[in-house]
Amino acid sequence: MSTLSAPHFHNEQAAYDYVEARIWPTGPVCPKCGGAERIGLMGGKSTRIGLYKCYQCRSPFTVKIGTIFEASHVPMRLWLQAIYLIASSKKGFSSNQLHRTLGVTLKTAWFMSHRIREAMRDGALTPFGQDGGMVEVDETYIGREPGKTITKGGAHKMKVLSLVERSSGRARSFVVDRVNTATIADILSANMSREAHLMTDQYPVYKGIGWNFAAHSAVDHGRGEYVSKADRTIHTNTIEGYFSIFKRGMKGVYQHAAKRHLHRYMAEFDFRYSNRMALGVNDAARADILLSGVVGKRLTYETAGA
């Protein structure tokens, strides 16, 4: 039986029950006053599904309040289908495909996609490499920087800096305006432990930053060195693999992303990479992890930058 045959993908009451069980594991909580004691499920034929009333502050509410679902008229069952499809697609799931699959308008599909990417945004502040392990760092270039004239090389492209922690397999990416010592040093100091082993290529910028960490090793791609002969653990192949998935998704599935939206696409690829099958996370578990991140991340159409 297909995973998408599950009741919560087709029945609205089952969909609400599924979401409530994950957002409210100990029972409903009023989003206005935070009360959890005097809450009742409202009944009646004209009452919408999942409507509760808090008898402390007299406010009606549903599980959608304060989440990416707030103020959305899309049925919850379609939201769960969209979450599963995007979470389980290794290289992404385009808005056009979502529009055709769910039967919603293209505008709605686009907005749903960006809300879901917002829920994928980790926001974790735990530094990489706390165990003294290796953290691979590299930059890549994609698309076109707004207002830039196309030239040879990557000067006209948008710039992304990514970190991959080998021990946990997690990825964390940043859209940057400049790839220079100041920018990279600030990001690494905020996202890496001083006990970490920094792993990079031969880019000169990293030489002036490496002393901040317990160790710094590099391979010289310019000379055809991709794995050190002296120590086979010294390489940046892990992060190159991450960039390979990212670029295949951006070029083959999404094809174009404006710079104002690129950080959400990076959050999407970071999320799936950090919760991939190789780390023991299957598609259903990944969708549930995504669902647990919907709270407090409401995104309006205006703030999405449409």
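# Close-up views of a predicted model

**View 1. Phenylalanine 9 is buried, at a relative accessible area of 4%.** Buried stands for under 20% relative accessible area, exposed for over 50%, and partly exposed for what lies in between (1.4 Å probe, protein chains only). This is a predicted model, in which local features need pLDDT of at least 70 and side-chain atom pairs count only at pLDDT 80 or more, while totals for chains, interfaces and linings use all residues. Residues are numbered from 1 along each chain as its sequence is written, and side-chain values use heavy atoms, with hydrogens and water left out.

View 2. The protein has eight helices and eight strands. These are DSSP runs numbered from the N terminus: H or I over at least four residues for helices, E over at least two for strands. Along the principal axes, the C-alpha atoms fill a box of roughly 75 × 40 × 40 Å. Of the 306 residues, 47% count as buried. The exposed surface comes to about 15200 Å², and carbon and sulfur atoms supply 52% of it. That area comes from the Shrake-Rupley method with a 1.4 Å probe; for residues, only the protein chains shown count as cover. Take the contacts between residues at least 6 apart in sequence: 60% of them join residues at least 24 apart. Contact here means heavy atoms within 4.5 Å.

View 3. The whole structure holds 11 aromatic pairs. Phenylalanine 9 lies in the segment before α1 (12-23) and tyrosine 84 in helix α2 (residues 76-88), so the pair ties together parts 75 residues apart in sequence. Tyrosine 84 is buried, with a relative accessible area of 11%. To count as a pair, rings of Phe, Tyr or Trp (its six-membered ring) need centres within 6.5 Å; planes under 30 degrees apart are stacked, over 60 edge-to-face, and the rest tilted.

**View 4. Four rings form one aromatic cluster: Phe246, Tyr254, Tyr265 and Phe269.** The charged end of arginine 117 sits over the ring of tyrosine 254, 5.0 Å from its centre. Arginine 272 lies over the face of phenylalanine 269, also at 5.0 Å from the ring centre. A charge sits over a ring if NZ of Lys or CZ of Arg is within 6 Å of the ring centre and within 35 degrees of the ring normal.

View 5. How many disulfides does a search of the whole structure find? The search finds zero. A disulfide needs two cysteine sulfur atoms within 2.5 Å. Cysteine 30 is buried, with a relative accessible area of 2%. Cysteine 54 is buried too, at 0%.

**View 6. Arginine 22 forms a salt bridge with aspartate 288.** A search of the whole structure finds 13 salt bridges. Here the closest N and O atoms are 3.3 Å apart. Arginine 22 lies in helix α1 and aspartate 288 in helix α8 (residues 283-291), so the pair ties together parts 266 residues apart in sequence. Both ends are partly exposed: arginine 22 at 32%, aspartate 288 at 25%. A salt bridge is a side-chain nitrogen of Lys or Arg within 4 Å of a carboxyl oxygen of Asp or Glu.

**View 7. Arginine 166 meets glutamate 136 in a salt bridge.** The N to O distance is 2.7 Å. Arginine 166 lies in the loop between β5 (158-165) and β6 (171-176) and glutamate 136 in strand β4 (residues 134-142), so the pair ties together parts 30 residues apart in sequence. Is each end buried or partly exposed? Arginine 166 is partly exposed, at 24% relative accessibility. Glutamate 136 is buried, at 0%.

**View 8. Arginine 223 forms a salt bridge with aspartate 220.** The closest N and O atoms are 3.5 Å apart. Arginine 223 is exposed, at 75% relative accessibility. Elsewhere, Glu145, Lys159, Asp177 and Lys259 are linked in a network of salt bridges.

**View 9. Arginine 144 lies in the loop between β4 and β5.** Arginine 144 is partly exposed, at 47% relative accessibility. Beyond its neighbours within four places in sequence, arginine 144 is in contact with Thr149, Ile150, His156, Lys157 and Met158. Leucine 198 is 54 residues away along the chain, and the two C-alpha atoms are separated by 29 Å.
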